[in-house]
Amino acid sequence: MPDAPKALLCRAAPFTARAASDDGFTLEAYAAVFDSPTRIDSWEGIFDEVIQRGAFAKTLQERTPIIQFDHGHHPMIGSLPIAAVQRLEEDAHGLHVVARMHEAPLFEPVREAIASGAISGMSFRFAVINDVMTSRDGDVPLRTITEVKLFEVGPVMYP
């Protein structure tokens, strides 16, 4: 039985698409990219991290995460969901998200910033359920995340 999650973590990826429809309300992007090493230097330590294909499979069966802007930290928008998930799935590249943004005046500046390319990344909030840490000669350890619990995905100002 895996250990209980220790903390909620966030990781980001650049958008691969900005608007998937002519009206600008459909958001399509990758919230996570598989097998792409990222150098982590945080309270967790210094290591390279990769997310393995299949890491989201169980959590996607159990729940649909909410879509928030800047992890719900925006002073006006807060933790309100800015969009509804239409499709969220793992493919060969990563965690692919298609969502329909809510048509509300409060979210309009976020939608416009995504459409113009000013907001160019997406992030996800998760807890590690299973991982494998591997030592590497002369380099920092490699952490391979094999299972996560996904809570939230969404566009962020600083991916």
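Glu-89 is partly exposed, because its relative accessible area is 33%. Here buried means under 20% relative accessible area, exposed means over 50%, and partly exposed lies in between (1.4 Å probe, protein chains only). Its salt-bridge partner is Arg-87, with the closest N and O atoms 3.3 Å apart. Arg-87 also counts as partly exposed, at 38% relative accessibility. For a salt bridge, a side-chain nitrogen of Lys or Arg must lie within 4 Å of a carboxyl oxygen of Asp or Glu.

Before we go further, a word on what you are looking at. This is a predicted model, in which local features need pLDDT of at least 70 and side-chain atom pairs count only at pLDDT 80 or more, while totals for chains, interfaces and linings use all residues. Residues are numbered from 1 along each chain as its sequence is written, and side-chain values use heavy atoms, with hydrogens and water left out.

**Confidence**

The score pLDDT is the predictor's confidence in each residue, from 0 to 100. Its average over the chain is 89, and 91% of the residues score at least 70. Helices (H or I, at least four residues) and strands (E, at least two) are DSSP runs, numbered from the N terminus.

**Salt bridges**

The whole structure holds 14 salt bridges. Three of them are set out here.

| Pair | Closest N to O distance |
|---|---|
| Arg-87 and Glu-89 | 3.3 Å |
| Arg-11 and Glu-44 | 3.2 Å |

Arg-11 lies in strand E1 and Glu-49 in strand E4, so their pair ties together parts that are 38 residues apart in sequence. Arg-11 is buried, with a relative accessible area of 13%, and Glu-49 is buried too, at 3%. Glu-44, by contrast, counts as partly exposed at 25% relative accessibility. Glu-44 sits in the loop between strand E3 (38-42) and strand E4 (45-51), 33 residues from Arg-11. Salt bridges that share partners join Arg-11, Glu-44, Glu-49, Asp-131 and Arg-143 into one network.

**Strand E7 and its neighbours**

Glu-89 leads us on to strand E7, where its bridge partner is His-96. E6 and E7 run antiparallel and pair over 7 bridges, and a hairpin of 3 residues connects E6 to E7. E2 is also joined to E7 in the antiparallel sense, by 7 bridges; Ala-32, for instance, has Leu-95 of E7 as its bridge partner. Two strands pair if DSSP finds at least two bridges between them. How many of the 8 residues of E7 are buried? The count is 7, so E7 is largely enclosed by the rest of the structure.

In soluble globular proteins, nonpolar side chains tend to be buried together. In this model, the largest nonpolar core has 33 residues, and those with the most contacts inside it are Ile-51, Phe-56, Ile-82, Val-97, Met-101, Val-110 and Phe-124. Strands E2 (26-33), E6 (83-90), E7 (94-101), E8 (121-136) and E9 (139-156), together with H2, each supply at least two residues of this core. A nonpolar core is a set of buried Ala, Val, Leu, Ile, Met, Phe, Trp, Tyr and Cys residues joined through side-chain atoms within 4.5 Å.

Not counting residues up to four places away in sequence, Ile-51 touches Ala-32, Val-33, Phe-34, Asp-35, Phe-56, Phe-124 and Ile-145. Contact means heavy atoms within 4.5 Å.

**Arg-111 in helix H2**

Helix H2 (residues 108-116) contains Arg-111, which counts as buried at 15% relative accessibility. Leaving aside neighbours within four places in sequence, Arg-111 is in contact with Asp-23, Gly-24, Phe-25 and Met-101.

Most residues other than glycine have a negative phi, and most peptide bonds are trans. Asp-70 has a positive phi near 50 degrees, and His-71 has one of about 55 degrees. Asp-70 is found in the loop between strand E5 (66-67) and E6, and His-71 lies in the loop between E5 and E6 as well. Are they buried or exposed, wholly or partly? Asp-70 counts as partly exposed at 21% relative accessibility, whereas His-71 counts as buried at 12%.
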